[in-house]
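Take a look at the fold below. The text starts with the sheet and then moves to the ligand.

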Amino acid sequence: MSIPSQFKVILIGSKRVGKTSIRRNYFGEQFKENYSLTIGADFAVKRITHPKGEFVLQIWDIAGQEQFDHIRKLYYTASNAAFIVFDITERYSFDDIDMFIDEFLNEIDYSPETMVVPIILLGNKIDLVQSGERKPAVSEDEIAQKIRDIELKTQGPVSFYLTSAKTGENIETAFNRMIDYFVEHLKV
Ligand SMILES: Nc1nc2c(ncn2[C@@H]2O[C@H](COP(=O)(O)OP(=O)(O)OP(=O)(O)O)[C@@H](O)[C@H]2O)c(=O)[nH]1
Ligand SMILES: [Mg+2]
């Protein structure tokens, strides 16, 4: 029996974008309409059985509220990858992406020559647009440009999904993509 490798992935992004709801959905927990802010960070693990090997995925869901600005970075240490989450209906959360990515790359001492750090951008709450309740606050062109900006910064793989933690749309797909990145680039 082989000892499983461990990978650490963090969920970062502004307050209220749905990071905790995404994590809960991935673990099969029920969606909660009532907002309950994350204090510091929450942590969950999942054992992954992949044709290429078995490993443990450590998922850190990190608080987005400003009151945690000074401690947030502590949780970034030794991350292998990041989900950067924004709310497709809230402009501020899209504008915050650069700050989060810079903070993250800085904190892990990122160097493109020696490291591969996959990034998956999630535009969450797409159900609100689909139901006509809200309008998208960001255009497709802006998202495409943001993906290119991130690719330039990391020189590594970047993906994007529109998700809903409420309906579950694309949540498992996004996590599976991340698992594929680990298998392809970080070698299980
Ligand atoms: N309609 C809809 N609401 C969502 C979705 N994801 C989250 N929400 C709601 O948005 C609010 C914030 O969700 P959280 O998951 O707590 O957000 P968070 O990013 O973890 O927030 P912090 O912990 O403060 O950083 C809650 O009221 C959720 O019910 C979604 O995909 N669709
Ligand atoms: Mg949270």
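How many bridges join strand E1 (residues 5-12) to strand E3 (residues 53-62)? Seven, and the two strands run parallel. Leu11 stands opposite Asp61 in E3. This is a predicted model, where local features need pLDDT of at least 70, side-chain atom pairs count only at pLDDT 80 or more, and totals for chains, interfaces and linings use all residues. Residues are numbered from 1 along each chain as its sequence is written, while chains are lettered from A and ligands numbered from 1 in the order in which they are written.

The sheet is open and holds six strands, in the order E2-E3-E1-E4-E5-E6. Its pairing is mixed. Strands pair if DSSP finds at least two bridges between them. Helices (H or I, at least four residues) and strands (E, at least two) are DSSP runs, numbered from the N terminus. Strand E2 (41-50) and strand E6 (158-162) each have a single partner strand, so one side of each lacks a neighbour in the sheet. On average, neighbouring strands are turned by 20 degrees against each other, direction ignored.

Helix H1 (residues 19-26) lies across E1, E2, E3, strand E4 (81-87) and strand E5 (119-124). H1 runs at about 150 degrees to E3. Contact here means C-beta atoms, placed from the backbone, within 7 Å. Axes are lines fitted to C-alpha atoms, for helices over the stretch in contact, and angles run from 0 to 180 degrees between N-to-C directions.

Now the ligand. Around ligand 1 there are 23 residues, the closest being Gly18, Thr20, Ser21, Thr38 and Gly64. H1 and helix H5 (126-130) are the elements that give two or more residues to this shell. H1 gives the most, with three.

Methods
Contact = placed C-beta atoms within 7 Å. Near = placed C-beta within 6 Å.
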